[in-house]
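Colleague: Please take a close look at one helix pair in this model, and then go on to the other local details that can be described.

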Amino acid sequence: MPDAMVATRASDERGTAQQVDVAVVGAGFAGLYLLHRLRKAGFSAVGLDEAGDVGGTWYWNRYPGARCDIQTIDYSYTFDPELETAWTWSEKYATQPEILRYLGFVADRYDLRRDIRFKTKVTEARWDEASGRWLITTDNGPPVCCRHYIMATGCLSAPKPPEIDGVKDFKGEVYFTGRWPHDGVDLTGKRVAVIGTGSSAIQSIPVIAEQAAHLTVFQRTPNFALPAHNGPAPADRMSLLQSDRAAYREQARQSMAGVPYPQQTVVSWQLSDAERRERFERAWAAGDLVHILTQLWADQAVDVDGNKIVQDLIREKIRVAVKDPETAAALMPDDHPFGAKRPCLETNYYATYNRPNVTLVNLRKEPIKAITASGISTSGRSFDLDVIVFATGFDAMTGAIRAVHPITGRGGKSLSDVWAQGPQTYLGLTVEGFPNFFMITGPGSPSVLSNMAVSIEQHVDWVVDRLASLRDAGFTTIEPTETAQAGWNRHMADCSMLTLHRLANTWYTGANVPGKVQGLMPYTGGVGPYRSICDEVVSRGMLGFKLTGPDGTVQCNDGEVVRLQPDVRLVLNLLASLNLPPIESMGALGARAFVNEFNKGRPAGRPIGEIVDGTLPVADGALPYRVYKPATPGPHPVVVYFHGGGWVLGDEQSDEPFCRDMVRRTGMMFVSVGYRHAPEHRFPTAAEDGYAATRWIAEHAAELGGRPGPVLVAGWSAGGNIAAVTCQLARDRGGPAIAGQLLVCPVTDCSFDRPSYNENGTAYFLTRSLMYWFWDLYCSPADRTDPRVAPLRGKVAGLPPALVVTCEFDPLRDEGIAYAEAMAVAGVPVEQLKARGHFHSSFAMVDVVITGVSGRVQMAEALRRFAGLPPKISGSDGHGDGHASPRHEIAAAAS
């Protein structure tokens, strides 16, 4: 449609619409950089902002004590090296006025204000199908007609209204930290109440207390606060930055949080009490939020036990800082893990409660009944007040977008309706049904769980580059597909299981807004991994996007960009980056040495009751075994376990993390058997060793500390093969009695023509080539139909109950499923666990693949049922696992 006709459609009483390529809502960090990049890319653009000048959240949040909580050398633009050297921050954590001056400096340096319409609120945005443009109505000046519409509204720009009766009845002054008067407020000699103890309250309370005659703080939920130790930028960080600025910035972009700190590799249970305290005290003294969130130990963000250590240490600090024990206790959080709710940086916050003019009201014990004309009434008393300050936070992320205006997409689809059950996005950047619509740091992106400056630059660069590519290729619209968006939402859910955020009611989940559907809104998979996913979308031909041209041309490469579990993806990417030679190229001895070295770098697992080594006799020799005993009094049911390794690699210790984990979860005793390996001992040695060991262990269960009677068998990979074969041999040879079998990714056949061998034959560590090698070393082709090596070829009736675990991205997937189905047809009680997004090694990598926790819980429950035991509550950690964050040991293990 000609521009004149479009303008006519968009005109109103204010005149003809302003025609631009791109409209941007917001003039903060994101909006300013967008306008700069768009101009450089040759796009005409207009910025629209309700504020009177640039600054975004830093324009509005002028409450006393307002400052950033990311060091300002990191909380800065990095797109122009000359800009970086042209501005010097005065403090480690800059105040709001300085940050606002910085953003004004940037706007002036790149002459950005000329493209911004200030004091202009967007009242409606509607996609016009006929013109393929967005029509935007404002409350000040002409409407806007644009090809692309970008929300740079920030994540915390929609203040949450108070939820207390009587606000309008109060005769005194009322202020909101998120909309503080620009000319300041004189609180000298006044009786002031602050409602809330989130970030803005923790920053403002010490300053208000110095001015007010009396300050009363009304707290519903205490928050963790850490000392800022503000001052000049730390010399060590400045030295790192100045020695190689480009490398420093790139490390930030590839990091998990957007700040260049290395990934911790040591888990809490590897450290002594003294070592943990030393690390904590060092972090406490550093006054760095990201440091204390990431640098103590690797499991602090993913394991309740590891996290509780941090909580207890912080509570000690509060107890020392606050003199009144009752007040100190009220200030100690006890309802969420440390870091699951945004911790705050504080300056004299806890010490403020020692002042005689400060009172803390614990709303959990003494809730507010109403706000009256003269003050606040609680269930126990009344407070006469002159000023009430609401520090009650924001309708985060989605509220910041929806509060701006109604947004109507294709076919009259309302964004509010689409998000009625929670935000649905692709990459946190786009929404299906809303063509040419983008969000900067929207829900579904790292955003508030990252250094926003880094995430903003990555988002802006990605969006503008896509618009330029779209233009250059002759396309006019871009929109995500339903498949891609649904896949991203599944990936978001998978990522949410990696951390403890799911255990807290916070504004990250929308729990602070009554009636808001709750769900973790930011992407928890990390800044660097997210960046690589966005790059992968592009490299795979705009995967998940539909592009259309003015002549009806359509390009659509539909699909899901991430199908692997997030931690599995990290592991596989890291292994690929190491460029390791194929295991099968190392020879048997070399491969064993490699695996042994690999295993040395990982924690053995959490402590259990006792570990005892021994040997047991078999024909022509003896086999080593390792007994893993629970900490609870015995005797315990006995599980005979067979390790993985293709009948060639491993020993009774190589699956130790898995054995320890299962002992903790089951309360049962595991005896791991070191059966003999090929090529020195070819088929049927491993199979016969497995059966002989099971018989011997059953006969000597009491001597080993186990419960006499039927045993259980379990195994992973080739060990799963031996466990399955053992059950068949025990049935056919008159015992021993086996109560149940756990087969994890088992080898059950010698056929390579099932779909999983073709779909997953490369790139998932266990490859088709490696399986060929294992088979050739272990068993000649003539013997491969023997049920002792291919149990699927044998009789499967009359076997003990089984749980068969298979992984989606495993060459062995289909033969494991086939074995389970064959047993079921034969009348064997069988359960299947088909692990979506996992690969062959997922469940054995207890110390790395956290998303395998729920599967291991299911395995433990099955073993207890087979043994006739009641259900057992999983471990005390939040995952029931307690292991560290993705890739935390794999790097060390492979070094």
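Modeller: Axes here are lines fitted to C-alpha atoms, for helices over the stretch in contact, and the angles between N-to-C directions run from 0 to 180 degrees. The model is predicted. Two packed helices are described by the angle between their axes and the distance between the axes. For helix α16, residues 452-472, and helix α18, residues 527-539, the axes come within 11 Å and cross at roughly 5°. Since angles under 35 degrees count as roughly parallel, α16 is roughly parallel to α18. On the α16 side the contact is made by Val-454, Ser-455, Gln-458, His-459, Trp-462 and Arg-466. Their counterparts in α18 are Val-527, Tyr-530, Arg-531, Cys-534, Asp-535, Val-537 and Val-538. By residue class, the contact of α16 with α18 divides into 7 nonpolar, 3 polar and 3 charged residues.

Next, a sheet. Strands β13, β14 and β15 form an open sheet of 3 strands in the order β13-β14-β15, with antiparallel pairing. β13 (368-371) and β15 (382-384) stand at the edges with a single partner strand each, so one side of each has no neighbour in the sheet. From one strand to the next the twist averages 15°. Strands of a sheet pair through backbone hydrogen bonds, either parallel or antiparallel. The pairing of β14 (residues 375-378) with β15 is antiparallel and runs over 3 bridges. Within that pairing, Ile-376 stands opposite Phe-383 in β15.

Thr-216 lies in strand β9, residues 214-219. Thr-216 counts as buried because its relative accessibility is 4%, and the cut-off for buried is under 20%.

Several backbone details sit in loops. Asp-620 is in the loop between β22 (610-618) and β23. Its phi is near 70°, a positive value in a residue other than glycine. With a relative accessible area of 79%, Asp-620 is exposed. Cys-745 likewise has a positive phi, near 50°, and is a residue other than glycine. The loop that holds Cys-745 lies between β27 (738-744) and α25 (755-759). Cys-745 has a relative accessibility of 2% and therefore counts as buried.

One runs from Gly-634 to Pro-635, with omega near 0°. Pro-635 belongs to the loop between β23 (621-629) and β24 (638-642). Another cis bond runs from Ala-678 to Pro-679, with omega near 5°. Pro-679 is in the loop between β25 (669-673) and α22 (685-699).

Finally, the annotation. An unreviewed UniProt entry places the feature "domain: Alpha/beta hydrolase fold-3" at residues 639-841. Over residues 639-841 the chain is 36% helix and 20% strand. The end C-alpha atoms of that stretch are 21 Å apart.

How values were computed. Residues numbered from 1 in each chain as written. Predicted model: local features only at pLDDT ≥ 70, side-chain atom pairs only at ≥ 80, totals over all residues. Heavy atoms only, no water. Helix = DSSP H or I, 4+ residues; strand = E, 2+ residues; numbered from the N terminus. Parallel < 35°, antiparallel > 145°, perpendicular 65-115°, else oblique. Contact = heavy atoms within 4.5 Å. Nonpolar A, V, L, I, M, F, W, Y, C, P; charged D, E, K, R; others polar. Buried < 20%, exposed > 50% of the residue type's maximum accessible area, 1.4 Å probe, protein only. Pairing = 2+ DSSP bridges. UniProt positions renumbered as here; feature names shortened; annotations may be inferred.
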